[in-house]
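Keep your viewer open as you read.

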Amino acid sequence: MVSTAWPRRSRLAFRFRPRYALAAAAAPDGSIFAIGGAADGDVLDVVEVYRPGSNQWDAAPALPRRRYRLAAAAGGDGRIYAIGGSDPGYNADLIPTADEL
């Protein structure tokens with residue numbers, strides 16, 4: 001019989017607070033990046049990486065600018081890109097750039 005239960009994995013490190021409106025992308029090596037987002041009204045530049053082999057979250061270098069409501073994707077070159085999103089100083093303005101992580 002196939003199990004329908006989700007296995008529990010390592011909890012997100014949350015260098016700040018639990019967040020929302022973040023982006024996530026999987027790297028070719030299986031690592032999962034949790035990028036930016038917001039928590040309690042603050043927009044974050046936080047990037048964290050989950051490594052399934054060790055079942056551990058690690059801090060990664062911060063985004064060049066804080067953003068939320070963004071997208072993320074793995075490029076054909078193996079890099080992770082944070083795309084668009086909103087700038088905390090101008091919540092209605094979209095960020096028309098992609099940053100390489």
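## Ground rules and confidence

This is a predicted model, where local features need pLDDT of at least 70, side-chain atom pairs count only at pLDDT 80 or more, and totals for chains, interfaces and linings use all residues. Residues are numbered from 1 along each chain as its sequence is written, and side-chain values use heavy atoms, with hydrogens and water left out.

The protein averages a pLDDT of 82, with 76% of its residues at 70 or more; pLDDT is the predictor's confidence in each residue, from 0 to 100. Strands here are DSSP runs of E, at least two residues, numbered from the N terminus.

## Salt bridges

Count a side-chain nitrogen of Lys or Arg within 4 Å of a carboxyl oxygen of Asp or Glu as a salt bridge, and you get three. One of them joins Glu48 and Arg19, with the closest N and O atoms 2.6 Å apart. Glu48 sits in strand E5 (residues 47–51) and Arg19 in the segment before E1, so this pair ties together parts 29 residues apart in sequence. Glu48 is buried at 0% relative accessibility, and Arg19 is buried too, at 11%. Buried means under 20% relative accessible area, exposed over 50%, and partly exposed in between (1.4 Å probe, protein chains only).

Asp58 and Arg51 also pair up, at 2.9 Å from N to O. Asp58 is partly exposed at 22%, and so is Arg51 at 35%. Then there's Asp77 with Arg79, at 3.5 Å; Asp77 is partly exposed at 43% and Arg79 likewise at 40%.

## The E6–E7 loop

Arg65 lies in the loop between strand E6 (56–60) and strand E7 (71–74) and is partly exposed, at 34%. Arg65 and Asp87 are 22 residues apart in sequence and 7.9 Å apart in space, C-alpha to C-alpha.

Arg67 belongs to the loop between E6 and E7 as well, but is buried at 0%. A polar atom of the Arg67 side chain lies 3.3 Å from the backbone oxygen of Ala82.

## Positive phi

Most residues other than glycine have a negative phi. Arg69, found in the loop between E6 and E7, has a positive phi near 50° and is partly exposed at 48%. Asp40 has a positive phi of about 50°; Asp40 sits in the loop between strand E3 (38–39) and strand E4 (42–43) and is exposed, at 62%.

Methods:
Helix = DSSP H or I, 4+ residues; strand = E, 2+ residues; numbered from the N terminus. Polar contact = N/O pair within 3.5 Å; in protein donor to acceptor, adjacent residues only side chain to side chain.
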